[in-house]
Amino acid sequence: MPDSAAGSVLITGASGGFGLEFAKQLEPAGYRLILHGRDKSRLQMTLDTLKHPDRHRVALADLNARHGLSELISCIENEPLVGLINNAGFGIWGSFEQTGIVPQVDVIKTDLKAPIALAHALLPALLRHKGFIINVSSLAGEYPLPYMSTYAAAKAGLTYWSEAIRIELDGRLRIVTLAPGPSPTGFRKISGMPRSTGSFFRTPIPIIIHAALHRLEKGGGYCVPGWRHRLLFAIQKAVPRRIGLGLMADNLRP
Ligand SMILES: NC(=O)c1ccc[n+]([C@@H]2O[C@H](COP(=O)([O-])OP(=O)(O)OC[C@H]3O[C@@H](n4cnc5c(N)ncnc54)[C@H](OP(=O)(O)O)[C@@H]3O)[C@@H](O)[C@H]2O)c1
């Protein structure tokens, strides 16, 4: 294992989007990065964009597969883990009624169950090294989303859990709950959403990741990155739910 005085950081979902940007922005701090995902060739592309690819490594695991989580946990057992970035996730756009139950349960497994299980398994190492967790949630976790109902439910669960353990572990572990809005990653294509949805609020990826890492430097906390996402957050809080739900349904209805 190549030496890294700064310790190791596991980034789930590092094959593109936010995960790739976390890798780029964390590498200069000297960490050894464990880049997790399912797509080996895209993970190799992430590795190739880094300045010291020999210091890092790739970990393949499908978080929805029967043994995916346990395989991922056991392959980082011997790492001096200082950081966990629970970033892997996806959403599905469409009516609850017409979307199959398997992909909906898979959203819960990847976006909610996996982060909780990973944090629990890796907590002893993270506490030993006075480390950190960044949970990539979403502004979807702040509001029920008609036609993305299961995704919003998973992210609401993730936000609530992340904020609760942040207080429980205060002073022993730094935790950031990152809640971005629409962003230009592979997410939209995979979820099936039309390109136009939420386009005004779209915020560049580097700004989002920089905001999360800045919040981490400040000791952790809840982070809504960039002014456009903060505006969306303010609207979510200001508009009465009865009206907001109707607006969201009009915006997201297939
Ligand atoms: N983009 C947005 O608008 C937005 C807004 C708020 C929050 N988020 C959240 O940001 C996080 C990162 O997503 P992104 O926007 O960067 O999208 P992305 O480019 O599609 O990246 C998603 C990552 O998650 C991984 N992943 C998905 N399902 C997986 C599974 N079953 N097992 C293992 N890995 C899996 C993918 O790995 P493979 O490619 O290897 O399958 C990929 O690396 C997600 O949690 C998402 O919910 C996104």
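Two residues count as in contact when their C-beta atoms, placed from the backbone, lie within 7 Å. With that in hand, take the chain in this predicted model. Among its contacts between residues at least 6 apart in sequence, 67% join residues at least 24 apart.

Now the overall picture. The chain has 9 helices and 7 strands. Its radius of gyration is 18 Å, close to the 18 Å that the globule rule gives for 254 residues, so the chain is as compact as a globular protein of that length. Along the principal axes, the C-alpha trace spans about 55 × 35 × 30 Å. Of the 254 residues, 40% are buried.

Next, the inside. In soluble globular proteins, nonpolar side chains tend to be buried together. Here the largest nonpolar core holds 61 residues, and those with the most contacts inside it are Val9, Ile11, Leu84, Ile134 and Ala212. The element that gives the most to this core is α4, with 7 residues. Let me stay with one of those names, Leu84. Leaving out residues up to four places away in sequence, Leu84 touches Leu10, Leu118, Ala119, Leu122, Leu126 and Ile133.

Helix α4, residues 101–128, also turns up at the ligand. How many residues surround the ligand? There are 29, and the closest are Gly13, Gly17, Gly37, Gly89 and Gly186. Three helices, α1 (17–26), α4 and α6 (187–191), each supply at least two residues of this shell. The largest share comes from α1, with 3 residues. Sorted by class, the shell has 10 nonpolar, 14 polar and 5 charged residues.

Isoleucine 92 sits between β4 (81–86) and α4. Is isoleucine 92 buried or exposed? A residue is called buried if 20 or more other C-beta atoms lie within 10 Å of its own. Isoleucine 92 has 20 such atoms within 10 Å, so it is buried.

What does isoleucine 92 touch, not counting residues up to four places away in sequence? The list is Thr99, Pro103, Gln104, Val107, Thr150, Tyr151, Ser191 and Gly192. There is also a distance to note, to methionine 193. Isoleucine 92 and methionine 193 are 101 residues apart along the chain, and their C-alpha atoms are separated by 8.0 Å.

To go back over it: the core has 61 residues, the ligand is surrounded by 29, and isoleucine 92 is a buried residue in a loop. That is all from me.

Notes:
Residues are numbered from 1 along each chain as its sequence is written. This is a predicted model: local features need pLDDT of at least 70, side-chain atom pairs count only at pLDDT 80 or more; totals for chains, interfaces and linings use all residues. A residue is near a molecule or strand if its C-beta atom, placed from the backbone, lies within 6 Å of it. Helices (H or I, at least four residues) and strands (E, at least two) are DSSP runs, numbered from the N terminus. Ala, Val, Leu, Ile, Met, Phe, Trp, Tyr, Cys and Pro count as nonpolar, Asp, Glu, Lys and Arg as charged, and the others, Gly among them, as polar. A nonpolar core is a set of buried Ala, Val, Leu, Ile, Met, Phe, Trp, Tyr and Cys residues joined through C-beta atoms within 7 Å. A residue is buried if 20 or more other C-beta atoms lie within 10 Å of its own, exposed if 12 or fewer, and partly exposed in between; C-beta atoms are placed from the backbone. The radius of gyration is taken over C-alpha atoms; the globule rule is 2.2 Å times the number of residues to the power 0.38.
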